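Please open the model in your viewer and follow the selections below in order.

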2 protein chains.
Amino acid sequence: MKKFVPVLKRTKLFSGVGDDDISTMLSCLGARLLTYEKGEYVLRQGEHLSDILVLAEGSLHIQRDDYWGNRSILGHIGVGEIFGEAYVAPESGTLLNDVIAVEDSSVFFFDVKRVISTCSSACRFHTMVVQNLFFAISEKNRGLVQKLDYMSRRTTREKLLSYLSEEAKKQNSASITLPFNRQQLADYLSVDRSAMSNELCKMRDEGLLEFEKNRFRLF
Amino acid sequence: MKKFVPVLKRTKLFSGVGDDDISTMLSCLGARLLTYEKGEYVLRQGEHLSDILVLAEGSLHIQRDDYWGNRSILGHIGVGEIFGEAYVAPESGTLLNDVIAVEDSSVFFFDVKRVISTCSSACRFHTMVVQNLFFAISEKNRGLVQKLDYMSRRTTREKLLSYLSEEAKKQNSASITLPFNRQQLADYLSVDRSAMSNELCKMRDEGLLEFEKNRFRLF
DNA sequence: TCCTTTCTGTTGTAAATACAACCGACTTGT
DNA sequence: ACAAGTCGGTTGTATTTACAACAGAAAGGA
């Protein structure tokens, strides 16, 4: 568990907390570290959740399959990101989405009650962690608003362009790597894969962008 | 300002705080109360925000107009609801949406710095308010996920049904009142108004629902 | 290496949507 | 009461999308 302290140190949750203090907090917060193989479910839709999770290594997708097998991908979780925070509130109800490992992954579980409430021992950082938690979920909130912005576009092309250009802004480069293959990108943008593939090629022919696998370059 | 204490008492932000303590906190938090006429902007896209807002009376829409005048409605804010919380984080950047009064409204402004940090006076409730804030934004987060679920549907009918049935669940009744007229509902679901109107009538003819103005009944 | 599976692009067709234009009912303000 | 504006429904057409089916390339396993 200790080996992930450098990872945790750079997360939003432990921002401003030193290495030693993180080590202390790991036991103070009753942290557990679980591992998942590619394809395994980390969380399932309908479950109750009382932990805040942090991805220590690997990569996850938040997604949802309906009755008919149509998949919708809500988002991607990279190393150091927090997830599950939205479902630990007392009145939150059960999870609306699955979380699945897209590669072998390790996940920290922190009991929210121990994160939020001041403990008896000498953890000076609870206040800061609660604030961090607030800022982290507030960031996630803005990300969701951003995604709603992509999804509110009427055409596949507009969805692609708004997503790709936002991603370019985030990655601070015109060359970007997406955490999705074509099918996943289509599920993320809620469009048909073949139509999207078609549209991507048209855009390439028009000189708007280039791509190879999941690497894209915008012009 | 005092007259709104009963309203504030029932908000998520002040949940668990007594009347007297709310009165005390109003000054302690440096609360300001501003009023807006129907159609006035409360917040504008691109602005910086350092306050957390609570709607004391009236009704607001969170929306966004693009270059070409296409409007997208992100959500509706009713009395007692918190808003702006997602944009008060240090690294949050500017607002992505406008907030506009759809009827004459009054809004409380609370400086986030005074909400989050412990004050010197005897406010025993800061910890609780920060927790409340966390839960409130976490609830808003779930609402955004819910909206993404509507928006991920491919057809206008599916969008309508998922939205209306979710609203029926929230309002705990098959008869629901929407905070939108037809154009606003279309902007909320990101579909064409006339196509949506058409679809609604088809659904009515098929016996799926009834409606009159902004009141709907599901069968 | 060979076989299987996955991934991506291509095409054609049916279905759904956007867009524009129009109409009548209803509101609002003067 | 009148005029102007708003609102919701209807229709037709052009555009866009979903869906299904297929094929070649790439990746992975035996």
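## First stop: the DNA contacts

Select Arg193(B): an N or O atom of the Arg193(B) side chain is 2.8 Å from a base oxygen of DNA strand D. A polar contact here is a pair of N or O atoms within 3.5 Å; within protein, one must be able to donate a hydrogen and the other to accept it, and residues adjacent in sequence count only if both atoms are side-chain atoms. The model is predicted, so local features need pLDDT of at least 70 and side-chain atom pairs count only at pLDDT 80 or more, while totals for chains, interfaces and linings use all residues. Residues are numbered from 1 along each chain as its sequence is written, chains are lettered from A and ligands numbered from 1 in the order in which they are written, and side-chain values use heavy atoms, with hydrogens and water left out.

Next, select helix 6 (182–189) and helix 7 (193–205) of chain B, the elements that give two or more residues to the surface near DNA strand D. Helices (H or I, at least four residues) and strands (E, at least two) are DSSP runs, numbered from the N terminus. Helix 7 of chain B gives the most to this surface, with five residues.

Now turn to the phosphates.

A residue is near a strand if one of its heavy atoms lies within 4 Å of it. Of the DNA strand D atoms within 4 Å of the protein, 60% belong to sugar or phosphate and the rest to bases.

## Second stop: the cysteines

Select Cys201(A), which counts as partly exposed because its relative accessibility is 25%. Cys201(B) is likewise partly exposed, at 25% relative accessibility. Buried means under 20% relative accessible area, exposed over 50%, and partly exposed in between (1.4 Å probe, protein chains only). Over all chains, the count of disulfides (pairs of cysteine sulfur atoms within 2.5 Å) is zero.
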